[in-house]
Amino acid sequence: MTHLLEIRNVSRRFGGVQAVGDVTAHVDEGELVGLIGPNGAGKTTLFNLISGFTPLSGGSVAFAGRTISGLKPNQVARLGISRTFQNLRVFPNMSVFDNVSVGAVGALPQGAFGALFGGFHKGGRNRSAEISRRSWEALEAVGLTHVAAELAANLPYGQRKYLEIARALAMRPRFLILDEPAAGLNDTETRDLAAFIKRLHGQGLTIMLVEHDMTLVMGICQRILVLASGRKIADGAPDAIRSDAAVLEAYLGVDE
Amino acid sequence: MNAFETVAPTDGLSRRRSWLVPALILLLVFAALPALLAGFDRGYFYQIANLALIFVLLSASMHLVTGVAGLLHLGHAAFYGVGAYTAALLTSKLGLGFTVTLPLSGLVAALVAFLVALPTMRLVSIYFAVATLAIGQMLYLVMLNWVDFTKGPNGIIVSKGFELFGVSLSGRLAAYYTVAAVVTLSVVAIGRLSHSYYGNALRSIREDDQCADAMGVSTVRLKMEAFTLSAFFAGVAGSLWAHMTGYISPGDFKFSESILILAMVVVGGLGSLPGAVIGALLLILLPEGLRALGDFRNIMVGLVMFLSILLLPKGLLGEVSALRLVRRQLGAAWRNTGPGTGKGEGIGWR
């Protein structure tokens with residue numbers, strides 16, 4: 001069986017800085033994979049390379065057997081890869097429902113023609129109803145239906161985090177990438193989030209997350225990739241990672 | 001499966017009594033106002049009413065591109081001009097009537113917009129604004145200087161008034177009804193575009209275009225569409241103007257007209273269609289009421305815009321603060337989005 005996501009010898013240079021160098025990794029359907037590494041290890045860059053935000057300097061990325069390197073972010077997204085951002089990016093001047101509907105309409109585009117005349121034929125009405133249904137389902141999944149009409153900017157930080165995830169879920173992705181979902185959350189909130197991510201995973205969604213919170217990553221991930229200085233230094237089950245010499249060295253340094 | 005009821009995507013979650021306000025507006029535009037105009041029976045009042053309606057359409061079309069999609073457009077009046085010149089030239093050179101020139105004016109304006117959008121759409125924020133300013137000026141200069149074709153500063157006399165499939169509608173009341181019907185239909189169409197999931201996708205570009213991209217929204221394509229559609233409606237407004245006044249000249253489509261339309265959208269509130277309509281009415285009717293002030297009327301536009309930005313950051317009904325939108329766009333021009341994120345970074349390309 002081929003892997004859902006295959007990263008082959010991927011590298012990315014920014015001027016003289018090798019942000020990601022020759023990383024090969026994969027994610028299988030149904031996995032929950034963690035990506036960790038010290039600051040500046042290239043985790044977010046790797047996410048940007050997968051989602052099409054940053055062009056590759058070398059290597060290739062394939063998703064569901066199809067090469068996706070070189071595609072635009074919106075093309076990658078429509079193939080079923082959905083992401084959240086490290087620095088929370090909701091659409092502040094839009095309602096919570098409208099925010100989520102963008103995810104749904106991104107995956108199920110409604111064109112200008114559909115907006116103008118969709119109400120007059122069955123196909124158009126069905127499309128609108130489906131977008132609305134997916135949006136509500138995503139809001140329901142994160143428990144934000146009660147604030148659907150609220151402006152996103154007015155939501156407290158924690159709820160905006162869930163809103164961003166709901167927007168990604170409304171795309172009905174096959175593969176969800178979460179970039180530091182627990183950043184800025186307190187312990188209780190982080191525990192709730194961990195339970196939530198596990199629940200999503202339990203429903204069959206393939207997830208990859210970057211996280212600094214080790215208890216979160218170790219607690220829920222089945223497999224962990226470790227990056228340091230742009231290179232993959234370890235790949236294995238949480239227990240193996242915890243005792244891996246290279247990982248300890250990267251995080252703690254070694255006496256010389 | 002009744003857990004998820006369908007809702008209107010943008011405005012609130014309940015649609016109760018949503019027919020009441022539109023019904024009142026229709027009553028006003030198609031019954032009360034014409035009755036009043038007929039009662040006074042002065043050409044000047046008809047003129048003002050038609051002018052206000054045409055600017056309502058211009059403001060509404062700009063709402064689509066600037067208010068909803070968040071593209072600062074400084075050359076809108078030029079597309080209005082392209083529409084007007086299309087109508088005038090088709091009438092004077094080929095003898096075509098309003099029934100034909102109306103859609104053609106829209107289409108030609110949209111085509112011109114599409115062509116100029118091809119190279120400019122990838123420009124970021126403030127660079128896009130400057131490009132639209134330049135496009136507006138170029139189109140204006142073509143109207144002014146291509147004397148063989150456009151008669152230059154002399155302008156063109158449009159000998160035919162309104163008609164529908166040969167039936168003349170050039171009487172005062174008939175002309176008013178024609179303008180009102182075309183404007184109303186167009187505004188309804190713009191309303192459908194902006195209050196739909198399509199409109200939400202456009203809004204997401206205004207809010208954060210990179211993030212919209214990650215959500216599967218094809219940002220460049222949608223920007224093109226918003227720009228082209230808004231030019232189409234500006235072209236339609238141009239055709240109305242040409243047949244209404246019977247004479248057009250380049251002066252009607254100068255940069256200051258673009259700014260006037262922008263002021264309407266900003267005063268009404270970026271992102272709000274009712275706001276754009278109210279802004280247009282305000283900035284057309286207020287100066288007419290202040291005719292006694294003479295040339296000082298022109299200062300009014302700037303003053304109203306200045307005060308509204310200062311005192312009503314979001315305009316009367318807006319979704320976004322105009323100042324914040326502009327500031328963000330200025331910021332985006334030289335904001336470092338990460339070291340070496342792409343070619344030509346920092347010079348306004350994306």
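**Reading a helix pair and a sheet**

Author: In chain B, helix α3 (residues 76-94) and helix α5 (residues 125-145) have axes that come within 8 Å and cross at roughly 30 degrees. That makes α3(B) roughly parallel to α5(B), a label for angles under 35 degrees. This is a predicted model, in which local features need pLDDT of at least 70, side-chain atom pairs count only at pLDDT 80 or more, and totals for chains, interfaces and linings use all residues. Residues are numbered from 1 along each chain as its sequence is written, and chains are lettered from A in the order in which they are written.

Reader: Which residues of α3(B) meet α5(B)?

Author: Two packed helices are described by the angle between their axes and the distance between the axes. Contact requires C-beta atoms, placed from the backbone, within 7 Å. On the α3(B) side are Ala77(B), Ala78(B), Gly81(B), Val82(B) and Tyr85(B); they meet Ile135(B), Gly136(B), Leu139(B), Tyr140(B) and Met143(B) of α5(B). The residues of this contact divide into 8 nonpolar, 2 polar and no charged, with Gly counted as polar and Ala, Val, Leu, Ile, Met and Tyr among the nonpolar.

Reader: In what order do the strands of the open sheet in chain A lie?

Author: Strands of a sheet pair through backbone hydrogen bonds, either parallel or antiparallel. Here the order is β2-β1-β4-β5 (chain A), with antiparallel pairing; pairing takes at least two DSSP bridges. β2 (17-27) and β5 (66-67) of chain A each have a single partner strand, so one side of each lacks a neighbour in the sheet. Strand β4 (residues 58-63) of chain A pairs with β5(A) over 2 bridges, and Phe63(A) stands opposite Arg66(A).

Definitions and conventions:
Axes fitted to C-alpha atoms, helices over the stretch in contact; angles between N-to-C directions. Helix = DSSP H or I, 4+ residues; strand = E, 2+ residues; numbered from the N terminus. Parallel < 35°, antiparallel > 145°, perpendicular 65-115°, else oblique. Contact = placed C-beta atoms within 7 Å.
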